[in-house]
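Thank you all for coming.

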Amino acid sequence: MDSKNPIESSPSIEITLNSSSRRSNSSSHSKASRGNSVREVTFGDLGSKPVRYGSRGADSEGFSGSQKEISDEDARLVYVNDPEKTNERFEFSGNSIRTGKYSILSFVPRNLFEQFHRVAYIYFLIIAVLNQLPQLAVFGRGVSILPLSFVLLVTAVKDAYEDWRRHRSDRIENNRLTWVLVNDQFQQKKWKDIRVGEIIKIHTNETLPCDMVLLSTSDSTGVAYVQTINLDGESNLKTRYAKQETLSKTPEKEKIRVLIKCEKPNRNIYGFHANMDMDGKRLSLGSSNIVLRGCELKNTAWAIGVAVYCGRETKVMLNSSGAPSKRSRLETRMNFEIIILSFFLISLCTIVSICAAVWLRRHRHDLNTIPFYRKKNFNDEDKDDYNYYGWGLEIFFTFLMSVIVFQIMIPISLYISMELVRVGQAYFMIRDTLMYDEASNSAFQCRALNINEDLGQIKFVFSDKTGTLTENKMEFQCASIWGVDYSGGKDSSVNEQVGHFVQVDGKILRPKMKVRIDPELLQLSRSGNNTEEAKRVHDFFLALAACNTIVPIAFDDASNPTVKLMDYQGESPDEQALAYAAAAYGFMLIERTSGHIVIDIQGERQRFNVLGLHEFDSDRKRMSVILGCPDKTVKVFVKGADTTMFSVIDRSLNMDIIRATEAHLHNYSSLGLRTLVIGMRELSDSEFEQWHSSFEAASTSLIGRAAMLRKVANTVEKSLRILGASAIEDKLQQGVPEAIESLRTAGIKVWVLTGDKQETAISIGYSSKLLTSKMTQIIINSNSKESSRKSLEDALRMSKKLITVSGTTHNNGGNSGGAVSPVALIIDGTSLVYILDSELEEQLFKLASKCSVVLCCRVAPLQKAGIVMLVKNRTSDMTLSIGDGANDVSMIQKADVGVGISGKEGRQAVMASDFAMGQFRFLVPLLLVHGHWNYQRMGCMILYNFYRNAVFVLVLFWYVLFTCFTLTTAINEWSSMLYSIIYTSLPTIVVGILDKDLSRRTLLKYPQLYGAEHRQESYNSKLFWLTMIDTLWQSVVIYFIPHLAYWGSTIDAPSIGDLWTLAVVILVNLHLAMDVIRWSWITHVAIWGSIVATFICVIVLDAVPTLVGYWAIFDIAKEGSFWLCLLAIVVAALLPRFVVKVLYQHFSPSDIQITREAEKFGSRREFGAVEIEMNPILEPSRR
Amino acid sequence: MSNNAASSSAGANGSAHSAAPRGNSKRPKYSKFTQQELPACKPILTPRWVISAFMLVSIIFIPIGVVSLFASRDVVEIVDRYDTECIPEQNRTDKVGYIRSSANTTCNRTLKVTKHMKQPIYVYYQLDNFYQNHRRYVKSRSDEQLRSPSGENETSTCKPEDTNGAAIVPCGLIAWSLFNDTYSFSRNNEQLHVNKKGISWKSDRDHKFGKDVFPKNFQNGSLIGGASLNASIPLSEQEDLIVWMRTAALPTFRKLYGKIQKDLQPDDEIHVILQNNYNTYSFNGKKKLVLSTTSWLGGKNDFLGIAYLTVGGLCFFLAMCFTVVYLVKPRRLGDPSYLSWNRTPGGH
């Protein structure tokens, strides 16, 4: 599957993917190292993690690139502490940043240039330019550019405001201070004055001003901890190393002659290649030697580094680009209808020009003298034709002129209205208190603004499991040690008094997190090393405390000054949970430096030398640590996934215990717990020596280091003695079962794609109500293409049989997600390797579409994306991906709608997503409530906008038929331009933002209502054509009632034009009013206000003596027939629509209609029930 | 656009923002507005509403229809088409030639009053098939020139009737084609005075046509379009011109010629002496002379009355139909059994 990676071609995504793979690798290492819940990552061993052993970890860069020579032209040369020399040849950018796009001078041209990237604006522009030609001047010069300039102005003001805010924050950022080495002492300098090559000193908790290579830190081994929360959102600490060789230098005292040759600035946050020439030696630098702008220094008193990338060349700045833009399904459809409208426009224009042609032909002999044509200019000597270019050209000009007159047939204003409406909808989604997550203090985020309405049409939801369905808050639940299951603690509540603590400097040190404790086990762990059993317990917890990469940080408890809390910072929650568990049982990890760890064992401090550490890799799926114990023995502790652990455990020893442990493991995982197996052995001196030398050799090797280290690890991780297994619970998030139930009732198929193993996935499936006992499970685990083909065929046959059985009992097409024939497909990643990207895909899709639930276990990130594409390529249904980790990034980007959970696994998923929220259950209000509203509103708005513009154009068109086809407009040209800007724009936007067809309660009570969107009930081609027919009728009424009433009267053009203007505006606003469901005061103001505003505008326009229509409105309004016309137009035009609506509502009421009635008239009792029913979804956040 | 904003704040400026303590809650503030729970009225089309709406419309429309039909019927109108009649039999084959020739075009017509006509009686001329709304025509005028003497040379919009050596005032096709048939009326040999004052809009006289603008160089070209103007009378008093220049909306239109401020009795015979000068023959235009009284509704036009009666009647009929429908096949509003997932067998 990785051979044909479709993403690789696009460079912008590549970065994220790149990083995602990196991330998932590291995240998977930490998780999987605890075994059971493995996020399997099948693609290569991208840089194995550094071995933290002294500062040697520095050479952590991927083995492939470590020795790559950077050619001079691709390199930047940084002379350390010599910014003059560094900057004299190359113009490296300074450290001042400019996220603002424009300067005062460049604003107008650049902004215009960017705005005209939209096709709509170009159409506008062409029309305006055409109108400037004297032969085609239909409208006045000023009038014709009014709409375009209005739109441009609005957008420009918005852009300017945004840019101003950016400039302001740039200014703040640029003026922050930091310490820079100038003339051999550190002085404060503004960030913007920092140059490449300068030496910078950062103190703890300070933010890094630029990307710099570490030279030395307060730690004697050169370790610095940084928090990268601003970079990738991960709150845990990351370790960076200064090179051993530079550690000893103190730049204040001695001149450093160092030249760093590094690659050109690039976007890869996780990679860095450089060489350092120092005292004639060449050292290589990797990504663990560089700290990036935006990170914060933590847990390290100070760090000194040299700036290598500044300002806009820093990696964080290079990475700040927008999310990929998606286009909503509705908009795509709408564009299709706009093409129909343009054909309509062209045919109108053709009709006009053909009629004009016929007229000109018939009167060709009289044209010279007809008083209203007067082709010939008799006053000139040569008596040439005036403004006449021959029959053909005249027709051509007529055509162009009619395009100009009928231009608003293409509702350009719709694009702007849609944008405004989406902003409004996003505002309401963000402000929804029910989608605020208290636990993570995260409100809903709307990162993509143009797919709001897609939320209403989702048919497939692809969900990650860990962190998405579950909380990713790991809790140590129970352990099996030496064949004994200790799970008694499950029922006892957390007893605060029992919590283990240690005295340090007169203060009490206590772990931050409380863990449930099994009293029996606690007793045992305190009893010392007397019995065999107690010894194993001791070793078990020692393994938990030592075999990890946790960094312990003690901090003062704000509420109690005598207490210090111990916070375990680590890259994964599993590891933290285990360390907290060990601490609770009296094995508290207190200190970690690069060479040793200190563990407080039952009040007694012991120091262990960390002789070596083999970090996780995806092949071994385990990690190990080699400890030099205080009693001079050397022990290796290993923990890892059961599948790989049992192969390295010496089965000849303690067979009973292994069997018992296996049984316990099975129990645990069927409870949905994540399990890890722990083993150990002692190393003899010779073994240690042998390992040590090969480890040294491997970790200093320059080529193929990762492979060599893996080999070394395999030599030491063998013939282990089993200690036991741990089980960690990853709790389901609140409301997940109810949410899944709702989604399924709504007809949305929920697929779970997880890296966890099958048993865990199935048990989580049960607990989240994804799987029910009624369902038939089809499980596909295959190891080859052939067997997957076979199992797919079997499964298809079986599912067919099931469906025909159920199909005979009730004959319906599976409307509400799986009620008909509950078949659940469970498939694992290995099978998917053979299925995806092969001809079996088709079969898998057929099978999957028959199943109501699909569970994919042990899938890699790219497989997740592959599954999304499998569905997306074969159906027109909308897909949504939801996930929280970096391994979900690819699937989030592939799906039509990507939702990120702002959870514990960093912000990568959020950064790649279109919407981000705190909890899985918010998906229900997001889709069922906001998605429904957004879709309904947008659908209505688009149809209405089509109608609104078309009806106006048609009125103009009818008039043109009575003006010798010469495109005269009775309607004031200003009015026709203001029509879509002032007269009718506001109500549709307000209604598009505020109208609600159903209340939140009803929508949550009847998730089935979501089916209305699946059936595209509020925007489809039938509705489009119905609307167009209605439009035709209404335009006929508007035009012909005044036409017939005033036929053969003294009426003048501007007066009847005013009548038509007012009639159209009142009519379209009432038309909208007929569709409004909820009348709040804002709606009232918008609709009636628009009508009043139109009257005012018409009056104002008619009070300008220079315009032709001077005083017309006052004149015509004096006559009774004017008002009678208005009334008759409104009633007659809306009558058919009203009748159709009433008939439709009576004879085939839509679900929405019925529930709306029920909402109004339904019994109170019926609705009272909702409260209780929906509690899990609604209540928690109300608190 | 907004994407950029979001990302830049998240990316670049994020460092500044998130440095702030994380204590401040991001919980959105609750308000009825942000939760979209503003009090609102939710009208629903219940049978009662539907029927009352139809009834209401019919109750309003039918009386209005009746009243306007009566109003229209009350208007007495005498229409006399004279474009063909006023051309001697022998010239009817070449009407254009006749009208262009300098022959005497005086024509006598007799109109019979059928009903009592109360004064003021409006005298209109009606032209058919005359496109005063033709683009070339409507644009061919200069409002600047009409308003003040300083705009005299603003004739660029008036082509081809812009200059004739010097600027033409008033320029343009509209003024050039000024209607020039004249009528004089007599009843029983008694002259009926036609009041030609105040036939135009006051607003036009005061603001559009200057008091100090006099016709110049008008109808001097080789082709005479219509009436000429007395060069000593300012434009603001040339009411025929002002009426003519308020261009008609539709190709069949009337223009006010004057008012007769005397009642006419039934069976009065009115003799009209008209000068048939205006050339509508080149485009098959009809010319009619109209004497008409007026009502609150305007002139004689049955259309609105009929339209109102039709719509009113239709609504009454619909009201009846829907009453029957609601009685015969009622549907309980908000009945959940109609929901699609409840109707389908085998659903939940």
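Let me begin with a term: a salt bridge here is a side-chain nitrogen of Lys or Arg within 4 Å of a carboxyl oxygen of Asp or Glu. Please keep in mind that this is a predicted model, in which local features need pLDDT of at least 70 and side-chain atom pairs count only at pLDDT 80 or more, while totals for chains, interfaces and linings use all residues. Residues are numbered from 1 along each chain as its sequence is written, chains are lettered from A and ligands numbered from 1 in the order in which they are written, and side-chain values use heavy atoms, with hydrogens and water left out.

Over all chains the structure holds 54 salt bridges, and one of them joins Arg166(A) to Asp163(A), with the closest N and O atoms 3.1 Å apart. Why are Arg166(A) and Asp163(A) separated by about one helical turn? They are 3 residues apart in helix 5 of chain A, residues 141-174, and therefore about one turn lies between them. Helices (H or I, at least four residues) and strands (E, at least two) are DSSP runs, numbered from the N terminus.

Now to the strands, where two of them pair if DSSP finds at least two bridges between them. In chain A, strand 2 (residues 177-182) runs antiparallel to strand 3 (residues 185-190), and 6 bridges join them; in this pairing Leu177(A) has Lys190(A) as its bridge partner. These strands form a hairpin with 2 residues between them, and Asn183(A) in the turn has a positive phi of about 50°. Strand 2 of chain A is also joined, by 2 bridges and again antiparallel, to strand 4 (residues 199-203), where the partner of Trp179(A) is Lys201(A).

Elsewhere in chain A there is an open sheet of 4 strands, in the order 1-8-9-10, with antiparallel pairing. Its edge strands, each pairing on one side only, are strand 1 (75-79) and strand 10 (281-285). Strand 9 (residues 274-278) of chain A is joined to strand 10 by 5 bridges, and Met276(A) is partnered there with Leu283(A).

Another open sheet of chain A has 9 strands in the order 14-35-34-33-15-29-32-31-30, and its pairing is mixed. Here the edges are strand 14 (445-446) and strand 30 (776-780). Within this sheet, strand 33 (residues 878-883) and strand 34 (residues 897-901) of chain A pair in the parallel sense over 4 bridges, and Ser881(A) has Gly898(A) as its bridge partner.

Finally, the interface: how many residues does the contact take from chain A and from chain B? With contact meaning heavy atoms within 4.5 Å, it takes 142 from chain A and 117 from chain B. The area buried between them, that is, the accessible area (1.4 Å probe) that two parts lose on being put together, summed over both, is about 11,000 Å², of which carbon and sulfur atoms give 60%. Between chain A and chain B the count is 3 salt bridges, and the side chains of Arg331(B) and Glu1157(A) meet in a salt bridge at 2.9 Å, N to O. On the side of chain A that touches chain B, helix 35 (residues 1120-1147) gives the most, with 18 residues.
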